[in-house]
Amino acid sequence: MFVLPGEPLEPATLPSHSTIPLKLGPGLLHIPPNTITPTVAGLLRTDKRKNAVWVEFNGGRYVPTTGDLVIATIQRSSVDVFYASISDYTPNATLPQLSFEGATKKTRPQLAFGALVYSRVSLANKHMDPELECVSSSTGKSEGLGPLTGGLVFNISLGMSRRLMLAKPGEQGGLVILDELGEQGAAFEIAVGRNGRVWVDSKSLKGTLAIGKAIQDIDEKSLKVDEQKKLARKVAREI
Amino acid sequence: MSTTIAVPGQLLGATTDFLPGPGTHIHASSIHASILGPISRTVPPKPAGPSKRLTKITKATPEPLPTISIDRDISEGHGQGKREIIPEVSSVVLCKVTRITPRQANVNILVVGESVLDGDWQGLIRVQDVRATEKDKVKIFESFRPGDVVRAAVISLGDQSNYYLSTARNNLGVIMATSESGNAMYPVSWKEYRDPETGANEWRKVAKPF
């Protein structure tokens, strides 16, 4: 169901559950006591099992939220903190030098300008600059986070990065490109940041460029499943 | 006594003739004015003359020097003889938070003691001065937000732009806070405020009300 900002929502459109309270996701605002209105234009989605409701929208501006995985670019380093850019239109986020796996005061990671880091947003609110971390604060292990060496980074829309990060991109987001490329035999590594960035690394530069361009094409031209399969075959031939 | 106005840096007298008072400083053994204002000289009481004894003549006590100072005189509308109040060390002030960063909170000092301030005084509360215990675990975002009214104590006159303040006592901290939804909140414990309309709790370093 397509909604516009400020539209009143009928209670019938919202899911109800006997035990779990209703959870509001992004794009919705609760005005006490009884009003729930969307704040963005998009498709209203519900999940009956988790009793959650949210709006799916393709915005242009990434707003950092705690817990998001992002690809950040190191701009400079200071005494005990790196300043990393997560989007062109926001101030730099801070990334403590000790929040990497196995980092101590004597052994800090050496990251130069332009280095890419796969990190999680640890603090984000409207009053302060965001903070990142490359290690899980509870376990102390990196769990896939940390510097990304080699490869290239490509810019994609926020909606595309969300589709790529779904648990089942084929079923839920209509994205089969990654599975198809794997089936065709292409070998590559990929990391997706919720801030609209995707990092690709392959054996050859040509392969990296082809895969990255393919993802950008699907994003810009909104290719359907069969068109994605055709594109995957073409890319796999080139590599 | 004539009240001439001195400008900052103006030579007032030699250190051999006067003692420096508030509003002045010594530079190369002469006293200069530090601020703009009228010069005032205090006439010290004349010491008692040397006591005369039949068998001994005692030396005269050296005459104390007059003190020269510049009055912090504000406009006539504030009444005669009223001095401008400025924050001093260990005075309790009320201030409003303007900006927070992970290491400090910047504030505008509004009230010193009982008097509302005239000028624009800035202060900052460093992260290690927010609480008395567990100073390294303090998070500014869970202690202050922009727009909060805070009672703090001045710990240092600081540098050119900021006083340094502290809220490390039970009766210091946030006294008025607004929630993210825009409603005034009431305190529920030493670290939480509650919004009566939405029921949401927000973290603050709360000042004990009594």
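How many residues does the contact take from chain A and from chain B? Eight residues come from chain A and ten residues from chain B, contact meaning heavy atoms within 4.5 Å. The structure is a predicted model, in which local features need pLDDT of at least 70 and side-chain atom pairs count only at pLDDT 80 or more, whereas totals for chains, interfaces and linings use all residues. Residues are numbered from 1 along each chain as its sequence is written, chains are lettered from A and ligands numbered from 1 in the order in which they are written, and side-chain values use heavy atoms, with hydrogens and water left out.

The area buried between chain A and chain B is about 720 Å², and carbon and sulfur atoms give 63% of this area; buried area is the accessible area (1.4 Å probe) that two parts lose on being put together, summed over both. On the side of chain A, the most area is lost to chain B by Pro32(A), His127(A) and Met128(A), which together account for 64% of what that side buries.

Two salt bridges are found by the rule across the interface of chain A and chain B, a salt bridge being a side-chain nitrogen of Lys or Arg within 4 Å of a carboxyl oxygen of Asp or Glu. A salt bridge joins the side chains of Lys126(A) and Glu180(B), at 3.4 Å from N to O. In chain A, β10 (116–125) and β11 (128–133) each supply at least two residues of the side that touches chain B; strands (E, at least two residues) and helices (H or I, at least four residues) are DSSP runs, numbered from the N terminus.

Chain A has five helices and 15 strands. Of its 239 residues, 42% are buried, that is, under 20% relative accessible area (1.4 Å probe, protein chains only), with exposed meaning over 50% and partly exposed in between. Gln216(A) is located in helix α4 (residues 205–221) of chain A, and Gln216(A) counts as buried because its relative accessibility is 17%. Apart from neighbours within four places in sequence, Gln216(A) contacts Phe154(A), Asn155(A) and Ile156(A). The backbone oxygen of Asn155(A) lies 3.0 Å from the side chain of Gln216(A).

In chain B, strands β4 (residues 24–27) and β5 (residues 30–33) pair in the antiparallel sense over four bridges, pairing requiring that DSSP finds at least two bridges between two strands. Thr24(B) has Ala33(B) as its bridge partner in β5(B). The hairpin formed by β4(B) and β5(B) has two residues between the strands, and Ala28(B) in the turn has a positive phi of about 55°.

Notes:
A polar contact is a pair of N or O atoms within 3.5 Å; within protein, one must be able to donate a hydrogen and the other to accept it, and residues adjacent in sequence count only if both atoms are side-chain atoms.
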